[in-house]
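User: Hi! Could you walk me through this model when you have a minute?
Analyst: Happy to, here it is.

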Amino acid sequence: MNSRLLKLSLASTIAVVAGTQILGCHATQSDEHASYKLIYSSLESTKRSIYLSDEHGVRRLKVIDATDSDGYPAVSPDGKLVAFYGKYDKFKTWSIHSVAIDGSNLKRLTHTKNKWDSAPAWSLDGRTILFTREYKNPNGKWQSQIWLMNTDGSEQRKISGLQGGGASFIDNDRVLFHSHTSPSQISIANVDGSNMVKLTNDATDNRAPRLSPDGNHIVYLSNRDGNQEVYTMDINGKNQKRLTFNQVEDWDATWSADGNQIFFASENSQGSFDIYKVKRDGSSLQKVLNRGSQVAAVKTLNAAALQKLIQSNPPN
């Protein structure tokens with residue numbers, strides 16, 4: 001082989017190797033971006049912070065630690081923002097916040113003192129946030145209401161006629177929630193509080209419903225068998241099924257983004273919570289994360305914001 005052909009051959013080989021490395025880098029980066037399917041509240045020492053994680057608990061990224069207790073995170077439909085609650089006034093005031101996925105542009109959206117605002121949920125079009133507000137009225141009676149606001153915190157208003165919490169949108173016109181009165185029951189209503197349809201109706205508490213990605217099923221919590229466990233049912237309230245059989249209470253049940261698994265928090269011996277997953281048929285129970293709770297699925301994340309978060313805060 002003459003020197004000119006040798007140089008061309010070497011150049012071609014280098015180009016192929018370089019191209020392979022670049023493609024490999026992009027594939028790895030893409031895989032990493034796609035892996036963050038959970039967002040949750042993690043207890044670190046005495047503080048709670050918001051983290052992203054894969055579904056195996058291997059990769060984790062801290063998003064924000066705004067207050068001494070941050071929780072109930074929910075990612076916006078466009079994958080750019082996280083809504084969550086934080087606590088003030090020695091935990092007497094709970095407020096809803098929003099923050100970019102990369103931890104920037106933190107905004108406190110509710111400010112009402114001595115009210116507990118929690119469990120934010122986005123509308124499907126990303127324009128509205130639902131949240132639960134709890135407080136004692138002047139007569140000392142506990143109130144639990146469902147409120148709406150624009151995503152910038154403006155136009156805060158109570159849904160008239162709905163006493164309850166744990167609300168989320170079924171579509172832009174209807175909400176899924178549990179009632180305030182005990183025993184708590186699960187219902188669907190229009191976003192203006194009209195046309196309420198009750199899905200459970202028994203002598204036990206049924207709470208914290210979440211709709212499956214395909215819109216056909218609901219996961220929820222119930223103590224009908226003496227201990228708070230995870231259940232599923234059809235969207236019309238039929239085919240109610242118990243999934244967990246634990247000696248401790250289970251909380252915060254939610255569907256995976258693909259609807260094939262259910263994630264939930266369960267009490268541990270240290271007095272905090274760990275996050276588990278189980279298949280939708282109740283099989284293959286597995287612990288995913290230690291000292292975590294209030295887990296929610298992540299359908300999509302803004303790639304540029306996530307990359308900024310990764311660069312500023314490497315996964316652990």
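The chat below goes through a sheet and then some loop residues.

User: Before we start, what kind of model is this, and what gets left out?
Analyst: It is a predicted model, where local features need pLDDT of at least 70 and side-chain atom pairs count only at pLDDT 80 or more, while totals for chains, interfaces and linings use all residues. Residues are numbered from 1 along each chain as its sequence is written, and side-chain values use heavy atoms, with hydrogens and water left out.

User: Great. In what order do the four strands of the open sheet come?
Analyst: The order is 3-2-1-23, with antiparallel pairing. Strands here are DSSP E runs of at least two residues, and helices are H or I runs of at least four, both numbered from the N terminus. Two strands pair if DSSP finds at least two bridges between them.

User: Which strands stand at the edges?
Analyst: Strand 3 (60-64) and strand 23 (292-297) do; each has a single partner strand, so one side of each is left without a neighbour in the sheet.

User: And what does the twist average?
Analyst: From one strand to the next, the twist averages 30°. Axes are lines fitted to C-alpha atoms, for helices over the stretch in contact, and angles run from 0 to 180 degrees between N-to-C directions.

User: Which helix packs on the sheet?
Analyst: Helix 2 (residues 303-312), which touches strand 2 and strand 3. Its direction makes about 105° with that of strand 3. Contact means heavy atoms within 4.5 Å.

User: How many bridges are there between strand 2 and strand 3?
Analyst: Four, with strand 2 covering residues 47-53. In that pairing Y51 stands opposite K62.

User: What about strand 1, is it buried or exposed?
Analyst: Six of its seven residues (38-44) are buried, so strand 1 is largely enclosed by the rest of the structure. Buried means under 20% relative accessible area, exposed over 50%, and partly exposed in between, using a 1.4 Å probe and protein chains only.

User: How many bridges does strand 1 make with strand 2, and how many with strand 23?
Analyst: Seven antiparallel bridges link strand 1 to strand 2, and four link strand 1 to strand 23. As examples, S41 stands opposite I50 in strand 2, and L38 has A297 as its bridge partner in strand 23.

User: What does S45 do in the hairpin of strand 1 and strand 2?
Analyst: S45 takes a positive phi near 60°, in a hairpin with two residues between the strands.

User: Which other residues have a positive phi?
Analyst: F91, near 75°, is one of them, and E155, near 55°, is another. F91 is in the loop between strand 5 (81-88) and strand 6 (93-100) and is partly exposed at 43%. E155 sits in the loop between strand 10 (142-150) and strand 11 (157-169) and counts as exposed at 57%.

User: New topic: where is D205?
Analyst: D205 is in the loop between strand 14 (197-198) and strand 15 (206-211). Its relative accessible area is 23%, so D205 is partly exposed.

User: What does D205 touch?
Analyst: Leaving aside residues up to four places away in sequence, D205 touches S182, P183, S184, L221, S222 and N223. A polar atom of the D205 side chain lies 2.6 Å from the backbone nitrogen of S184.

User: What kind of peptide bond joins S182 and P183?
Analyst: A cis one, with omega about 0°. P183 lies in the loop between strand 12 (174-179) and strand 13 (186-190).

Technical notes: A polar contact is a pair of N or O atoms within 3.5 Å; within protein, one must be able to donate a hydrogen and the other to accept it, and residues adjacent in sequence count only if both atoms are side-chain atoms.
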